[in-house]
Amino acid sequence: MSLQDLDQTLRNLTSVAEPVRRGGSRETWRFQHAGRAYFLHFYLPTNNRLTRGAAAKEFAALKTLQTLKLPAVRPVALLSGLQFGERKGDAVLTAAIEPATRFDAIAPTDHVKARQGVINWLGQFAKAGLGHADLKPSSFLLTGDGVMLADAVGLVQDGLLPEHLMQFAHAAGDTATLADRVRAWRALVPNGDEAPPRDRHSARRLRHDSKSAAVEHVVVGEWKGWFLAAGKPVEWSVASQVRVTAQDWQREWPILFKKLRNNELDVLKRDISGDVQAGQVTLGGVTVDVILKRPRNKYWYRYLYDLFRPSRARRTWTKTLRLFSRGLPIERPLMVIQKRSGEFTAEAIAIFERVPGQTLEELDLSSLSENDRENLFRRCGRSLRKIEAGGLAHIDAKSSNWIIFPSKTAGPVPIIIDAYGVRRLNHWLAVMGLHRLLRAMKKHPQYTPADSLHLCQGFAPRATPSQTGPEVSDAH
């Protein structure tokens with residue numbers, strides 16, 4: 001690599017690099033140079049003593065892995081005081097590994113191979129006396145040569161601790177199964193229990209997930225709002241594949257609101273509690289089908305409540321974002337925008353990406369294979385279980401609030417499309433979401449007791465099946 005040519009590329013980086021991840025104090029950009037791909041991990045200046053020198057620490061960690069011959073991305077350079085557009089900071093340059101697939105994006109057919117590869121890699125890691133305090137599925141790449149570490153941020157010299165595995169299990173909540181966690185725990189914790197213990201810091205990790213979401217502020221005339229700029233790519237979301245900017249919404253919102261005001265959008269629902277309409281916007285250069293939710297208060301006293309709390313649109317959007325950031329299958333929150341009059345929110349609208357598919361209420365269950373049908377109901381139960389495991393409850397998880405997305409690799413996947421019924425979990429709300437879905441499915445003419453069993457087994461996989469419960473016994 002010619003240093004002169006590389007220096008010229010870095011000077012023009014803002015015009016040739018594509019953002020991979022933005023938000024927080026570390027940004028990742030991808031660019032091409034001399035026919036090869038590279039990643040630039042750019043660290044913004046900070047006064048925080050704990051994050052000062054983070055670029056140098058990451059570069060040193062990658063060099064350590066290279067010295068120990070542990071499979072990891074190759075560090076190319078440490079760039080101190082890099083002028084990146086109008087900003088100046090430190091950066092780490094690494095060579096891209098292509099072709100490669102992130103562990104959280106692999107096909108189900110490669111899951112067993114990738115899982116064993118990650119366990120073997122962590123075994124080598126532990127044998128070398130190293131640990132990693134910020135492990136997540138995206139930290140690993142599956143290549144033709146096996147598994148490689150893609151992210152050395154969080155590398156420590158204290159060895160691989162049970163706490164590190166707990167953090168990894170939490171981050172892999174929507175990727176790894178319970179069996180995956182048990183296998184990893186048995187293989188990596190000497191003289192450990194047969195199964196990993198309960199994560200005592202689960203609540204703290206969940207709060208961190210919500211706070212670390214890439215939410216940015218936008219102002220469009222007298223409207224002010226918040227939008228999700230980036231997140232984990234998911235199959236049912238086109239917007240998750242691109243980076244969304246404030247300029248996108250400053251361009252699209254006036255057009256969308258004009259159509260809304262002129263009744264030019266498709267009306268999906270209109271009643272006393274509000275409107276739900278469908279339209280399209282262009283975000284990050286791609287066309288995205290969107291759902292606009294414009295709630296109204298049914299009772300006059302709720303307008304008084306709204307003087308002391310966020311609007312219903314914002315509360316719904318925030319709850320959806322909370323579940324989305326935890327890796328649950330839910331409609332992608334795009335933006336919530338509102339207009340205020342003094343201390344009162346005059347109007348508020350929440351925008352979500354439209355999930356393709358049919359609602360569970362309308363789905364032709366007889367058209368599914370036996371295996372797909374079982375997986376569908378187990379996945380519904382699993383989603384409700386994960387919501388409650390995070391200290392929340394979805395008390396309105398009826399069949400009309402699920403869209404069944406036809407995944408090309410995983411079959412029918414149930415996606416939650418209305419999170420307004422999410423509440424903080426307490427004794428009275430436990431299992432209420434499951435009961436609500438069971439009651440709603442009783443009205444489906446093709447629903448059977450076997451479907452009820454699979455739904456309950458997804459919610460409580462270790463429970464003993466019983467037909468004594470009123471919801472299960474009356475399911476058909």
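Thr94 sits in strand β5, which spans residues 87–95. Thr94 is buried, because its relative accessibility is 3% and the cut-off for buried is under 20%. This is a predicted model.

**Thr94 and its surroundings**
- Leaving aside residues up to four places away in sequence, Thr94 touches Tyr38, Phe39, His41 and Leu62 among others.
- Val73, Arg74, Pro75 and Val76 are also among the contacts of Thr94.

**Ala105, a loop residue**
- Ala105 lies in the loop that runs between β6 (101–102) and α4 (111–127).
- Is Ala105 buried or exposed? Ala105 has a relative accessible area of 51%, and exposed means over 50%, so Ala105 counts as exposed.
- In sequence, Ala105 and Thr175 are 70 residues apart. In space, their C-alpha atoms are 8.7 Å apart.

**Helices α11 and α13**
- Helix α11 covers residues 370–389, and helix α13 covers residues 449–459.
- Their axes come within 6 Å and cross at roughly 35 degrees. The crossing of α11 and α13 is right-handed.
- On the α11 side, the contact is made by Arg373, Glu374, Phe377, Arg378, Cys380, Gly381, Arg382, Leu384, Arg385 and Glu388.
- On the α13 side, Asp451, His454, Leu455, Gln457, Gly458 and Phe459 take part.
- By class, the residues of this α11–α13 contact comprise 7 charged, 5 nonpolar and 4 polar.
- How many residues of α13 are buried? Of its 11 residues, 8 are buried, so the helix is mostly covered.
- The buried residues of α13 are Asp451, Ser452, His454, Leu455, Cys456, Gln457, Gly458 and Phe459.

**The second largest pocket**
- The volume of the second largest pocket is about 900 Å³.
- Its lining is made of 36 residues. Nearest the centre of the pocket lie Val276, Lys293, Asn401, Ile417 and Asp418.
- Which element gives the most to the lining of the second largest pocket? Strand β15 does, with 4 residues.
- Elements that each supply at least two lining residues are β13 (266–271), β14 (274–283), β15 (286–295), α10 (312–325), β17 (344–353) and β18 (358–359).
- The lining of this pocket has 14 charged, 12 nonpolar and 10 polar residues.

Note on methods: Residues numbered from 1 in each chain as written. Predicted model: local features only at pLDDT ≥ 70, side-chain atom pairs only at ≥ 80, totals over all residues. Heavy atoms only, no water. Buried < 20%, exposed > 50% of the residue type's maximum accessible area, 1.4 Å probe, protein only. Contact = heavy atoms within 4.5 Å. Axes fitted to C-alpha atoms, helices over the stretch in contact; angles between N-to-C directions. Left-handed = near helix turned anticlockwise from the far one by under 90°. Nonpolar A, V, L, I, M, F, W, Y, C, P; charged D, E, K, R; others polar. 1 Å grid on protein atoms, 1.4 Å probe; cavity = no way out; pocket = protein on both sides within 12 Å on 5 of 7 lines; lining within 4 Å. Points joined across faces, edges and corners; volume = space filled by probe spheres on them.
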